[in-house]
Amino acid sequence: MAPRLDFSDWWAKDTRKGTPVVVKMENPNYSVVEIEGPDSAFRPVEKSRGRKNAKQVTWVLLLKAHRAVGCLTWLATVFWSLLASIKKRLSFTHPLGSERLGRDRWLFSAIKLFLTLSLLILAFETVAYLRGWHYFENHIPTSTLEIQSLLHLVYVGWLGFRADYIAPLIKSLSKFCIVLFLIQSVDRLILCLGCFWIKFKKIKPRFDEEPYDAEGCGYVYPMVLVQIPMCNEREVYEQSISAVCQLDWPKDRILVQVLDDSNDESIQQLIKAEVAKWSQKGVNIIYRHRLVRTGYKAGNLKSAMSCDYVEAYEFVAIFDADFQPNPDFLKLTVPHFKDNPELGLVQARWTFVNKDENLLTRLQNINLCFHFEVEQQVSGVFLNFFGFNGTAGVWRIKALEESGGWLERTTVEDMDIAVRAHLHGWKFIYLNDVKVLCEVPESYEAYKKQQHRWHSGPMQLFRLCLGSILTSKIAIWKKANLILLFFLLRKLILPFYSFTLFCIILPLTMFVPEAELPVWVICYIPVFMSFLNLLPSPKSFPFIVPYLLFENTMSVTKFNAMVSGLFQLGSSYEWVVTKKAGRSSESDLLSITEKETLDKKSQLLRGVSDSELLELNQLEEQKQKKPVKKTNKIFHKELALAFLLLTAAVRSLLAAQGVHFYFLLFQGVTFLLVGLDLIGEQMS
């Protein structure tokens with residue numbers, strides 16, 4: 001007999017919304033059945049389907065377990081490989097290979113103090129969290145009856161002090177930094193719009209197709225002086241001298257000056273031999289060496305311009321030791337000066353032969369592509385002014401002389417002469433389609449030293465030339481552009497808010513949740529700004545996240561350099577020559593070098609004495625010496641900030657702040673990798 005169902009009060013149930021209904025049966029062999037509607041009770045039950053579903057669930061669970069084990073195995077392998085790589089890199093760390101802090105210890109000491117306080121607060125609040133003392137801002141215990149112990153009393157006092165005194169200060173500072181952040185973002189957006197307008201309208205400087213006539217029927221080729229300043233450039237001197245000596249220009253109207261400041265006698269001899277080789281080929285080339293290296297590069301250029309024969313030349317082209325101009329460089333730049341007496345500088349763009357060498361060079365390429373294609377091109381088209389890059393440019397010698405020549409007062413002599421020339425009314429042209437090969441630093445140590453010089457020097461210059469800008473006769477809007485945009489916004493405000501907001505305020509708000517930063521500040525706008533920076537180099541879009549994290553990591557170096565230059569602290573006037581690798585873009589460089597070596601031996605060794613032959617053989621042996629063993633360095637400030645950010649990430653877990661946790665975690669890991677010198681190549 002089939003069991004009879006008791007459907008009393010069936011229609012009293014609210015089944016319109018799919019509410020489950022419990023039905024009791026009289027047959028004791030049945031218990032409780034849960035149905036979802038009135039029709040589901042009369043559907044036949046498929047027993048085989050239930051057994052089949054059970055088997056499927058078992059197989060799915062086994063499959064998921066297998067995948068989980070495989071994923072854990074893969075993660076363990078990656079983690080173990082990473083540890084092995086770190087151990088291998090750190091094994092090359094020299095006992096004295098840590099970063100020298102010198103007089104810049106103030107920032108490291110401040111970070112250490114901040115880290116110590118963060119660890120103490122984290123330990124204290126972890127104990128409070130484990131004891132269940134979770135209070136909202138408006139529910140802090142005030143009655144003595146609610147206080148459980150002395151530790152509880154201290155914790156409640158800390159909450160009140162934090163909310164009343166610390167949070168308002170952090171909120172005020174964070175609002176100030178956010179305003180600066182938004183202003184700088186608007187400036188970046190306007191620059192990008194200007195670049196789009198230039199491309200849309202196809203705006204670029206042009207000149208007559210044949211402005212010069214070598215036969216004298218028209219405007220003859222002007223006299224051009226080419227200078228190659230260098231200092232201990234063993235890796236790159238040969239390729240730079242070779243490229244400059246092959247410039248397509250009448251030989252009687254060009255002079256190459258090799259300005260060697262090397263203090264290594266072996267390098268001096270190598271450069272002399274290279275100059276002698278090209279001199280025998282008919283190139284008008286001179287080797288100059290200063291006995292007293294004062295003023296660094298500015299002093300070197302100033303000494304070279306003081307020669308009597310310079311008066312016969314109208315223009316001077318400058319190339320650093322790692323730059324390799326194309327043979328048509330002068331024919332693409334010098335003609336712009338014709339019929340343009342107000343033009344003082346023509347600047348070409350840099351392109352990098354080693355931009356794909358490692359992650360560090362890729363990230364540098366992103367920044368420099370934006371600097372050249374957006375910042376300098378827009379400034380050149382709309383303002384006729386930008387900072388001289390120190391190389392790959394042609395100056396009118398008259399503009400240099402009227403602006404006061406090269407001065408040794410800062411480490412950015414190129415920006416110094418550009419600002420003074422602008423104040424004297426000279427105009428600049430930037431050529432984005434004329435490119436000169438060069439290198440970017442392949443090691444973090446070399447890149448850090450370069451960035452320190454590039455960010456401390458402008459602040460030195462700002463202090464020195466502020467009065468000259470205010471009293472100059474240029475238009476008011478040009479003065480405002482120099483002071484507000486060129487110096488303050490792009491040289492001072494950018495490193496200030498980047499370091500303060502993301503490396504100090506953000507981790508601090510994890511311990512003071514009353515001053516928490518909104519998500520759009522730490523996520524949306526930075527990603528959008530990184531997207532804008534990547535527009536000139538679209539192939540770098542896969543590196544948008546590493547680029548964002550690395551730029552925040554570099555903010556500590558830029559902030560330290562900015563403060564040092566502004567207040568004349570530490571090594572603000574220290575000049576360290578950027579280490580080069582000596583790479584070339586030519587695939588057949590080895591065959592060319594071998595051929596030139598044979599020609600060199602066949603030409604230079606004719607008629608030389610035995611002593612000179614012995615000296616040349618010794619120089620060749622020195623060039624073929626094995627490279628020095630590469631070592632790692634430990635960077636203290638980056639490591640201290642890494643532990644600070646990771647500590648703040650752990651604290652964010654107590655407040656369940658998802659986006660903040662992931663940002664702090666990845667940023668802390670980035671600081672850790674950089675602090676251990678695990679990005680880029682190792683230095684010899």
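How many salt bridges does the model hold? The count comes to 21 salt bridges, a salt bridge being a side-chain nitrogen of Lys or Arg within 4 Å of a carboxyl oxygen of Asp or Glu. This is a predicted model, in which local features need pLDDT of at least 70 and side-chain atom pairs count only at pLDDT 80 or more, while totals for chains, interfaces and linings use all residues. Residues are numbered from 1 along each chain as its sequence is written, and side-chain values use heavy atoms, with hydrogens and water left out.

- Arg162 pairs with Glu514 in a salt bridge whose closest N and O atoms are 3.1 Å apart.
- Arg162 lies in helix α3 (residues 150–201) and Glu514 in the loop between α12 and α13, so the pair ties together parts 352 residues apart in sequence. Helices (H or I, at least four residues) and strands (E, at least two) are DSSP runs, numbered from the N terminus.

**α12 and α13**
- The axes of α12 (residues 476–511) and α13 (residues 519–534) come within 12 Å and cross at roughly 160°. Axes are lines fitted to C-alpha atoms, for helices over the stretch in contact, and angles run from 0 to 180 degrees between N-to-C directions.
- α12 and α13 are therefore roughly antiparallel to each other; angles under 35 degrees count as roughly parallel, over 145 as roughly antiparallel, 65 to 115 as roughly perpendicular and the rest as oblique.
- Leu501, Phe502 and Leu506 in α12 meet Val521, Ile522 and Pro526 in α13, contact meaning heavy atoms within 4.5 Å.
- By class, this contact of α12 with α13 has six nonpolar, no polar and no charged residues. Ala, Val, Leu, Ile, Met, Phe, Trp, Tyr, Cys and Pro count as nonpolar, Asp, Glu, Lys and Arg as charged, and the others, Gly among them, as polar.

**α3 and α8**
- The axes of α3 and α8 (residues 359–382) come within 9 Å and cross at roughly 75°.
- That makes α3 roughly perpendicular to α8.
- The contact of α3 with α8 has ten nonpolar, two polar and four charged residues.

**α17 and α18**
- α17 (residues 636–654) and α18 (residues 658–675) pack at about 160°, with their axes 8 Å apart.
- That makes α17 roughly antiparallel to α18.
- The contact of α17 with α18 has 15 nonpolar, four polar and one charged residues.

**Chain over two stretches**
- Residues 482–511 are 100% helix and 0% strand, with the end C-alpha atoms 40 Å apart.
- Residues 634–654 are 90% helix and 5% strand, with the end C-alpha atoms 31 Å apart.
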